[in-house]
Structures are given as structure tokens and as C-alpha cells.
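Please view the sequence and structure below before reading on.

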Amino acid sequence: QVRIAKGLQRGGGASAPLVTAMRAGGNHKSSVERALLNVRARVHTALDALEEQALGEAGARAKAELEEAEKALRSVELKLSVVRTRTSILSDDGPATGQTTADMRNWLLSTFTDQDFEAAMSNSVLSAASSARNAPAEASQRRMPTVQDLVSDVHRAIATDSVARRLESCARFDFDALALEEYPEAAGQLNTVIGAYLMKKCDRFSRNVMQEKGWITSGDAFVESYVAFLRKIDGLYAGTGAMYHVSAHAADVMATTHWLLQSEFMRERTSSLDHFMALAAAAVHDVGHPGTNNLFHQKTMSPLSVRYNDRSILENMHVALAFETMQSDKRCDWFSMLARDAHVQADADSANHHSANLQQYVRKGMISMVLATDMAKHSGHMQDLTTVAQEAEDGGFMLSENSESNVGKQAQQKALQRKMFLLETVLHAADMSNPSKPKHMMLEWTRRILGEFWAQGDEERSLGLEVSPLCDRATGVDTIPKGQLGFIQFAVLPFFKQLATLAPEAKEAMDGLAANSEFWREQDALGATSEQLFGEGGLADQAREEAR
């Protein structure tokens with residue numbers, strides 16, 4: 001026990017993330033985990049002893065071998081923690097002089113700007129139709145398991161009494177994805193369960209609604225493909241080495257996105273397809289996350305960093321992986337089932353119909369939303385949101401544009417950009433909403449993200465790299481309250497304050513931020529450490545027990 005305590009005090013290595021993950025999966029360490037912890041502590045003790053004396057060549061070699069052994073143990077601990085976590089669970093400046101002029105202008109704009117007129121037209125048509133009519137209430141291959149098997153499996157899970165009761169709250173701000181993770185029927189397929197449940201229960205984008213609108217041809221086939229896709233996405237979250245950026249986080253973001261989109265402001269300015277698209281983006285927004293951030297990949301010049309030229313490295317990877325998954329397995333390619341020439345009635349009193357390429361629109365939307373979750377873009381996003389909130393207060397915020405021919409493509413492009421900005425805002429807010437959640441959830445999410453950060457810092461130190469901000473275990477274990485207060489006060493609270501100007505329903509999140517800020521101030525005054533917060537019987541465990 002003395003050796004273990006000394007090993008943990010020495011820097012902890014991956015022990016804290018291991019404890020973090022074990023807390024997520026249960027209160028008892030396995031015998032293998034205990035043995036690893038004991039061996040790791042002995043290695044630390046040996047390293048301490050070697051540092052206290054002058055080393056010859058043989059001693060230096062022994063120290064180097066021990067350091068390599070420590071790194072190997074850390075890797076095994078990380079993998080065990082992942083397993084435990086998983087198993088517990090568009091300018092028209094003037095009239096064109098001819099067809100060639102119009103074509104040339106369109107080519108110039110589409111080639112040399114980032115404007116997408118076809119997607120903008122699709123958005124314009126969809127927005128006009130959506131504002132005129134509210135949505136009414138609500139090719140498998142011979143491989144095992146079949147898509148039908150997957151659908152039957154997820155519907156059995158949804159029908160389970162305990163899971164069904166938990167899912168009843170998934171439209172609320174206080175939905176607990178971590179609690180859903182504890183049910184065996186839902187573990188390993190959290191996004192699948194939530195996505196299938198919402199598609200069945202939500203009157204805005206049910207299979208019947210989407211089929212009646214002409215967006216898809218077969219509601220049943222579309223749902224089967226969508227469920228198979230989410231199941232694959234859930235699988236791709238597993239085994240990556242991440243502790244926080246796992247399927248439970250995506251499920252939490254998915255539910256929070258749904259909650260925000262139900263607000264009156266968002267509902268009036270988004271279509272049924274937007275709602276569905278945003279949930280799909282939420283499900284995939286961190287898929288395949290390796291547990292290290294963009295800065296780490298830049299510093300190490302990882303293959304991902306090289307591929308994406310140091311720009312939104314992980315975010316580009318996440319959304320690319322989502323579309324690659326559909327391309328590689330047609331059973332889960334719901335995207336190709338969307339109409340590329342959907343005929344949408346302009347309004348309830350008009351006989352005019354307009355064409356919309358839903359595939360192009362949805363792809364653009366998902367890419368925009370996922371890339372907007374790059375925290376490096378937060379400052380610019382915050383400035384834009386402040387401007388939009390001020391415009392809304394002044395009554396000057398416009399979103400939808402009439403899709404009739406007298407409306408120019410630039411006006412449609414502006415409408416598309418504003419629509420995308422709102423959807424990006426919703427996903428970004430949901431992605432960083434953990435500090436606003438009820439205390440027992442907030443503390444568990446904090447434990448997981450810190451464990452992941454510190455594991456990255458350990459790896460950076462072992463590689464001889466400067467430790468990234470917030471990733472230094474040695475200083476982080478004693479400054480958790482200050483760090484959380486800083487994140488809330490400088491990032492999360494200002495963002496939700498502006499969002500609440502647009503959607504007053506978001507004030508519920510602000511109330512949570514206020515309560516949790518007071519909690520962290522109290523803990524800061526008491527000098528709370530990581531062990532007091534997240535150790536066995538600590539405040540996190542107490543909060544979870546009180547919430548049961």
C-alpha cells in the first residue's frame with residue numbers, strides 16, 4: 001500500500017485515468033487492474049530509488065528499461081479502462097445577358113468561393129415548405145447480422161421497461177446518458193437506441209413524415225439503414241483509447257441537441273430535415289476519437305495531422321469517417337436514400353413546386369456542424385453569436401428567404417449561411433454543455449475528461465514534448481476547481497447567455513451553470529483535490545448515490 005501511494009504521488013502515470021474509467025464502469029477494481037496498479041507502483045518505487053543515486057552505465061540501462069516498462073503498463077491500463085467503460089454499459093447584381101453569362105457567373109462563384117447555390121436553393125425550398133406546413137404527428141445483404149436483426153435488437157432494447165423509462169426523459173435537459181449506459185440492453189449501442197427511439201417518437205421527422213414529404217421512398221428501408229449506421233458508429237467509438245470522447249458523450253450531445261432544437265426559436269427556423277440532420281451530426285461528431293486533441297497531433301505531426309494539414313484535424317476525420325462508413329457498407333447508407341430531386345411545394349396556397357437536392361444539402365450541413373465543434377473556432381463563433389443575438393433583440397434577424405424566382409441566389413446563400421450557423425450553434429452548445437448538467441452528471445463528465453487530458457499529458461512527457469494546457473497531471477490534480485470555474489466563466493456561460501437570448505429555454509442550462517459554479521467556488525475555497533472529488537467515496541460518488 002505504501003508503494004502504491006508513493007507511485008501515485010510520484011505522478012500517477014495512467015493510474016488516475018484508470019481509476020477514472022473504473023469509476024465509470026463500477027466501484028470495484030478487477031484483480032488484473034489491482035495487479036497492474038501494484039506492479040506500476042513498484043516500477044515507480046524502483047525509479048525513485050535509481051534517481052537518488054549516481055548511475056553507471058548498467059544503472060542507466062536499467063532505468064531506461066524501467067521507463068519503457070512503465071510506458072507499456074500505462075498502455076495496458078488505458079486499454080483496460082476503455083474495455084471496462086464500454087462493457088459497463090448563393091451575387092445576382094443584374095440580369096443575365098444570356099445563358100452563357102449565367103452559367104459563367106455560377107461557375108465562377110462555385111469554383112472560386114465557398115458558396116453552394118444548390119444547397120442554398122434546397123434550404124430555401126425546404127424552409128418555405130416547412131414554414132407553410134408543420135410536420136404531421138409522427139436493401140439488406142445476406143450477411144450476419146442482417147439489418148433486420150439489428151433493428152429488432154434495438155427495438156427490443158427500447159421496449160425494455162428500465163430502458164424505456166430512462167428514454168422518456170431524452171427530450172429533457174437533464175437526460176442522463178451515463179445512467180442509460182449502465183443498462184446491459186443499451187450498453188454498446190447508446191446512439192443507436194436514442195436515434196431509433198427519437199425517430200419513432202418524435203413527430204417532426206418520423207419515417208412517415210419523411211416519406212410523405214417525398215424525401216425518401218421507403219420509410220421502413222430508411223429506418224433500417226439509419227439504425228444499422230448508428231450501430232456501426234457506436235462500434236467505431238469503442239477501443240480507441242479515449243475515456244471521455246466515447247459513445248456515451250455522443251449520446252449525451254445527441255439528446256442535448258434534440259432538447260435545444262425543440263425550443264420555439266429553433267423550431268420556427270429549422271425544418272424537419274434539419275432536425276434529423278443535426279441529430280446525425282451529433283452522433284458522429286467525435287467518432288473514432290483517439291483520446292488526444294488537435295494540438296497533440298500537430299506537435300507529433302501524426303498521419304491525421306498530415307492528411308488534414310493541421311486544420312480541424314479530428315473534426316475532419318470524424319465527419320469523413322461517417323461518410324466512409326456509409327460508402328463501405330451499403331446496408332447502412334441511409335444518405336443515398338435521400339432524394340436528389342425532391343419536389344417540394346413552395347407554400348400551402350401555391351401550385352408551384354421546386355426541386356431540392358437533399359443529399360447535397362445534408363452533406364453540407366453535417367460537415368459544417370461537425371467542423372464547428374473545433375474549439376479553436378469558439379472565439380469567432382462567440383462573436384458571431386453575439387451579433388445574431390443583438391439582431392434578434394432588435395427584431396432584425398431574418399433567416400428564411402422566399403424561394404420564388406424574384407429572389408436572387410445571393411439572398412438564398414445568405415439564408416443558407418444563417419441556417420447553418422444556427423445549427424452549428426446548437427451542436428457546439430450541446431458539445432460543451434457538461435458543466436451545466438446536474439451535479440452528479442457534471443462530476444462524472446469532469447472526471448472522464450480530466451482523465452483523458454492527463455493521459456495525453458503523460459504521453460507528451462514520455463515523448464519529450466511540452467505538456468499541453470490542462471494536460472499536466474502534476475499540477476492539475478490540485479487545481480481542478482479553478483480549472484472548471486475558468487472554463488465555465490470564460491467559455492460556456494457567455495455562450496449560453498447569448499444563446500438564451502435567442503432561445504429562452506436555454507436558461508435552464510444557465511441555472512445549472514450557476515449552481516455548479518457555486519459548487520466549484522466552495523471546493524476551491526476548501527482546496528479540494530482530485531482524490532477528494534473523485535476518489536472512492538468522494539464527492540462524485542456521493543452525488544451519484546444521492547441522484548439514484
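**Accessibility in the loop**

A residue counts as buried under 20% relative accessible area, as exposed over 50%, and as partly exposed in between. The model discussed here is predicted.

D310 is placed in the loop between α17 (303–307) and α18. Its relative accessibility is 39%, so D310 counts as partly exposed. S312 also lies in the loop between α17 and α18. With a relative accessible area of 10%, S312 is buried.

**Backbone of the loop**

Positive phi values occur at both of these residues. For D310, a residue other than glycine, phi is positive and near 65 degrees. For S312, likewise a residue other than glycine, phi is positive and near 40 degrees.

**Packing of α12 and α18**

Helix α18 (residues 313–328) meets helix α12 (residues 219–237): their axes come within 11 Å and cross at roughly 130 degrees. Angles over 145 degrees count as roughly antiparallel and those from 65 to 115 as roughly perpendicular; α12 and α18 are therefore oblique to each other. The crossing of the helices α12 and α18 is right-handed.

On the side of α12, the contact is made by F229, K232, I233 and L236. On the side of α18, L321, A322, T325 and M326 take part. What is the division of the residues in the contact of α12 with α18 into nonpolar, polar and charged? Six are nonpolar, one is polar and one is charged.

Note on methods:
Residues numbered from 1 in each chain as written. Predicted model: local features only at pLDDT ≥ 70, side-chain atom pairs only at ≥ 80, totals over all residues. Heavy atoms only, no water. Axes fitted to C-alpha atoms, helices over the stretch in contact; angles between N-to-C directions. Helix = DSSP H or I, 4+ residues; strand = E, 2+ residues; numbered from the N terminus. Parallel < 35°, antiparallel > 145°, perpendicular 65-115°, else oblique. Left-handed = near helix turned anticlockwise from the far one by under 90°. Contact = heavy atoms within 4.5 Å. Nonpolar A, V, L, I, M, F, W, Y, C, P; charged D, E, K, R; others polar. Buried < 20%, exposed > 50% of the residue type's maximum accessible area, 1.4 Å probe, protein only.
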